[in-house]
Amino acid sequence: MSTPVLVVAELTSDGLLKPALRSVLGAAAALNAEIHVLLIGHQLETVIDEALRLPITRLLVADHPSLAVPLAETTTTVVRAISQRYSHILTAASAQGKGWLPRLAALEDVAMISDIVAIESPDTFVRPIYAGSLWATVRCLEPRKFVSVRVTAFSPLNGASSEPVSRENLSLDDWPAVPVIRSAVHEHPDEGRPALENARTVVSGGRGLGSAEQFEALLGPLADALHGALGASRAAVDLGYAPNDLQVGQTGKVVAPDLYIAVGISGAIQHLAGIQAAKVIVAINKDPDAPIFGVADYGLVGDLHEIVPQLTASLKNP
Amino acid sequence: MKILVPVKRVLDYAIKARAKSDGSGVDLAGLKMSLNPFDEIALEAALRLKEAGLASEVICVSCGETPVQEGLRTALALGADRALWVEAPGELEPLTVAKLLRAVVVQEQVDLVICGKQAIDDDAGQTGQMLAALLDWSQATQAAAIHCEGSRLEVVRETDGGTETLQLNTPAVITTDLRLNEPRYATLPNIMKARKKPIDQLTAGALGVTITARLQTLRVAEPPVRAPGIRVNSVEQLLDLLKNQAKVVS
Ligand SMILES: Cc1cc2nc3c(=O)[nH]c(=O)nc-3n(C[C@H](O)[C@H](O)[C@H](O)COP(=O)(O)OP(=O)(O)OC[C@H]3O[C@@H](n4cnc5c(N)ncnc54)[C@H](O)[C@@H]3O)c2cc1C
């Protein structure tokens, strides 16, 4: 049997597995090796039950009070304790993954690869560069590969393992000290909408919305009629129309819904970087020359203040 | 407190990158280059700490071949006190840059590094965290606000779910997100003055860093293009197509 690969899981604020894990497992499956998953945190019993039903061979658990808050520094220390066992270490290219994986790589003197969208072979990966204008195929010459995964680019590995998943509790000689204190967390309420990362439908607004009030008043009901999530352009976030975690694009979130509706968004390359993988893109914009129409499957030229309420009404009363 | 701000010169954000015709890399010939926007934000944050009397010196550093000095000139024009050029050949991998920066941090006895969360060319987003690890320093990435009191830092950072606030001590590495500040523009007199300021030159060899490539770019190409779309004339037509042609609305 070849050397196994390790996938480091990320937990939601409620202590459950993030759905993105299944997509990282999808990427790991392309490596044709045993997959192990590592859970890091404190008081993990519920999530362990969930994780033991994943299609993997082994679950590793690092459970310690010093790990209650996910910090890059402590996560790195834990993964380092077992990293030598693996040919590949994979995690989502999320805010957390981006925080700790480069730290681990530097400490182990390994050049890492960020944000892959395809695996050509166990040492060759495809990753977007220049806001996704180009894709680079990169071969990693390191004996061990540390890779962060763009989860929207990989199909989730569904189902459960046919064999029982073995469990290993890690006991470190030195549990990490906590060098950083997290003194506040502000997660904005989801208003009953799906998370932007996994939504099948995303309604995104830009500068054209004009105000925070209009943003919610116009786009909220449309998103709800479609059971979708809200997204935003950088301009909309900078102007305070929408919270930062809704920013879609090169330096925000990458989404891959079945339906993406861009409202009052011009379609700057930095924004398009986040929506290239959407199945269907709809653009609503008053400027017929807006670049968003260049990528839209269906474009509707006009004033969003008229079009959006009509669209919402038609969806509610077909 | 001495602050180091690493800066990178990249293809201007408004220009769409193209691959070389043989697919061996990115064609940058003759195109407008600018400071990485996240590095401008980092420099602005450092300058504001200095202007508030919380930092004694802001040093900028760039690693690479001769043209990277252009980026340093811009940083000087914006208000950096000193500029360091680490001469190093070829395209540098993030881990190499982190090693060079570590040597500079040690040599200059820096207390705080503020750098961009990513460079908008390779979009790797690794260097700051790697540097923090090599120095065994704490990190606060994706900063949206920085408060500083002596050696105590409070950083609000953007996360996938909103924001969180971290308390940490210097020495530390902070990486910047878009909403940390709005960078100032360089004035013409300052641009002129910056042309005459000295740039200290260092080399990878003198800093004790050996450069070996561990990543090999096999190909650079345009991603799959989307099939062209159509214009619709009304909300009714749009909904009809979404339901019956695309089948993404039920
Ligand atoms: C380093 C860097 C990183 C960046 N990262 C991102 C990123 O991750 N995501 C991102 O989105 N951007 C990003 N940007 C910003 C990007 O370059 C654009 O500035 C931004 O996407 C523009 O947002 P917008 O389309 O909402 O605004 P604008 O470009 O101002 O477009 C507004 C649009 O609304 C339309 N409009 C106005 N009123 C109406 C109306 N009544 N009805 C219909 N249409 C109307 C206009 O015709 C226009 O097309 C980044 C930029 C930089 C430099």
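Author: Helix α3(B) is followed by Q109(B), whose phi is positive, near 50°. This is a predicted model, in which local features need pLDDT of at least 70 and side-chain atom pairs count only at pLDDT 80 or more, while totals for chains, interfaces and linings use all residues. Residues are numbered from 1 along each chain as its sequence is written, chains are lettered from A and ligands numbered from 1 in the order in which they are written, and side-chain values use heavy atoms, with hydrogens and water left out.

The helix itself covers residues 94-108 of chain B, and at 1.5 Å a residue its 15 residues should span 21 Å, which agrees with the 21 Å between its end C-alpha atoms; the expected span is 1.5 Å times one less than the number of residues. Helices (H or I, at least four residues) and strands (E, at least two) are DSSP runs, numbered from the N terminus. Twelve of the 15 residues of α3(B) are buried, so that the helix is mostly covered, where buried means under 20% relative accessible area, exposed over 50% and partly exposed in between, with a 1.4 Å probe and protein chains only. Among the buried residues are P94(B), L95(B), V104(B) and E108(B).

Elsewhere in chain B, strand β1 (residues 2-6) is mostly covered too, with four of its five residues buried. β1(B) pairs in the parallel sense with strand β4 (residues 57-64) of chain B over five bridges, and two strands count as paired if DSSP finds at least two bridges between them. In that pairing, I3(B) has V58(B) as its bridge partner in β4(B). β1(B) also pairs in the parallel sense with strand β6 (residues 112-116) of chain B, over two bridges, and here L4(B) stands opposite V113(B).

Chain A has an open sheet of seven strands with parallel pairing, in the order β5-β9-β4-β1-β2-β3-β10. Its edges are β5 (113-116) and β10 (166-169) of chain A, each with a single partner strand, so one side of each is left without a neighbour in the sheet. From one strand to the next, the twist averages 25°, with axes being lines fitted to C-alpha atoms, for helices over the stretch in contact, and angles running from 0 to 180 degrees between N-to-C directions. Within this sheet, strand β2 (residues 35-41) of chain A is joined in the parallel sense to strand β3 (residues 58-63) of chain A by six bridges, and V37(A) has L59(A) as its bridge partner in β3(A).

Chain A has a helix α3 of its own (residues 72-80), which lies across β1 (5-8), β2, β3 and β4 (88-92) of chain A and runs at about 140° to β2(A). Helix α4 (residues 95-107) of chain A packs on the sheet as well, touching β1, β4 and β9 (145-149) of chain A, and its direction makes about 160° with that of β4(A). T74(A) is found in helix α3 of chain A, and at 1% relative accessibility T74(A) counts as buried. Leaving aside neighbours within four places in sequence, the contacts of T74(A) (heavy atoms within 4.5 Å) include S66(A), L67(A) and P176(A).

The two chains come together in an open, antiparallel sheet of four strands, in the order β6(A)-β7(A)-β8(A)-β12(B). The edge strands, β6 (118-121) of chain A and β12 (215-221) of chain B, each pair on one side only.
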